[in-house]
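Dear colleague,

Please find the structure below, handed over for your review.

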Amino acid sequence: MSPRTPALLAVLLTGAIAVSAPAAVPVRAVSLESEDVAVAPLESVVPSGAEPDAAPTTDIVPGSVNRTSLFLDATYDAALRISWGTRKISVDSTATIRNTSGAPIDRIELNTIAARLGGIQLHGVTVDGVAVSATRSDQTIVVPLGGVLPVDGTTRIRVRFHATLRSSLSGSNWLFTKANGIIDLYRWLPWVSRKIAFDRPNHGDPFETPSSRSVRVKITTSRPLVLATSGDRTSVSADGLTQTFAATDVRDFTVTAATDYRTRSRVVRDSVVRVYYRPGAPGAAMLDAAADAFDALERRLGSYPHRTFRVAQSAGAYGMESPGLVWIPTGVAASNLRYLAAHETAHQWFYGIVGNDQAKQPFADEAAADFVARSILGARRGSRCATATLDRTIYEYSAACYYEKIYIQGGNLLDAARRKMGSTAFWAALRGYIAANRNTISKTETLLDALDAATPIDLGKTLFAPRFPRIY
């Protein structure tokens, strides 16, 4: 995430990449005449391809172990209904989970910020067709399995809820809001995670999620909307009100929508870069910035796993990353656009392809993403805060200096490693780290070790140890 509003940050960029003017892609006509309709009752919403809960069959056995895990194979099949006029959403999601953690578990912890920002109303949670007493803890839905799921056992958890989008950009509202003619839905889909405190003194990301090999989402809207999501659209109804999307190898599934999004696209290497923007927004400049960043980053970091990379104008506040989709906020300053596009695009590799505990180890994605973004732009600068250690959690940095320490000082430390190692060895080591940890949850220590192992210089002692005392 880039925690700077356009008004607060004017980054002077050098070395911008020249590109030819993009050709606009024809926009599908969208009717704006349809009236808002009430959200259908949750009982009538069934995930795409799923049947209502039937007679239970289960791998769960009696007992308890007081254990959960993130290291599970989970696929998601969900139905999402959006009422444009009322800001109401309803969700009916089924997670099919196989226990690949190596030990038995007796509960699942699901992350959704609808539990913090949406005034969530749970309307039934079942485990293999049997109702259970799930509880909400901060941004987590804790689902007891009613017994023990053994290693390699499989269970189906169905969660149904209503929530209401915020109507402002204040605080963290911008993650789950309808404002400036745009709906932003971040982390709405209940996803295997762990209990993580949502409140923090800065705009760090309080999330940790494993990658899912398959996500299907059917989205029904009260009026025709243009949807930018983390998946590829696989179907659309004749009236345009129901669209289905599918994604593979993603860590969450973001939805952004507007009645009047326009699109522009460009083929970059083996992928399509597509931007979604409202009339009056700098669509051509957004495409130039995103396409240039995507091209430069894929050359340095390795192949991109998705067919399409989407860049959507969001309601506002901050830039934000999610697999296959990033947000560029409404009102971004022209002087900040290339930096913001490069930083959020870099997150496709650091957090998207290689995951990490974003709450406890923000260096692993934020420092790495900012380093590569500033590298391709020639925009490196010094920190405006005192030198600090870089192995703290997001809860231990102030709002004033979180960005300056993790992003700027962290990126500069990685650049110092590059200069010590030599660029050829450094970039080869970084590509190797990404390839070796693809679709996993990695650690800061793993990243540093990958760099250290690629050079005869002892980077651990000479460079890393003073900044990472909890590791060295």
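One aromatic cluster is formed by Trp174, Tyr186, Phe207, Tyr318 and Trp327. Rings of Phe, Tyr and Trp (its six-membered ring) are taken to pair if their centres lie within 6.5 Å; planes under 30 degrees apart count as stacked, over 60 as edge-to-face and the rest as tilted.

The model is predicted: local features need pLDDT of at least 70 and side-chain atom pairs count only at pLDDT 80 or more, while totals for chains, interfaces and linings use all residues. Residues are numbered from 1 along each chain as its sequence is written, and side-chain values use heavy atoms, with hydrogens and water left out.

Arg187 lies over the face of Phe207, at 4.2 Å from the ring centre. Likewise, the charged end of Arg200 sits over the ring of Phe198, 4.7 Å from its centre. The criterion is NZ of Lys or CZ of Arg within 6 Å of the ring centre and within 35 degrees of the ring normal.

In total, the structure holds 20 aromatic pairs. Among them, Tyr402 and Tyr407 are edge-to-face, because their ring centres are 5.8 Å apart and their planes stand at 80°. Phe464 and Tyr472 form a tilted pair, with 6.3 Å centre to centre and 35° between the planes. Phe464 is buried, at 0% relative accessibility, whereas Tyr472 is partly exposed, at 37%. Here buried means under 20% relative accessible area, exposed over 50%, and partly exposed in between (1.4 Å probe, protein chains only). Tyr402 and Tyr407 are both buried.

Yours sincerely
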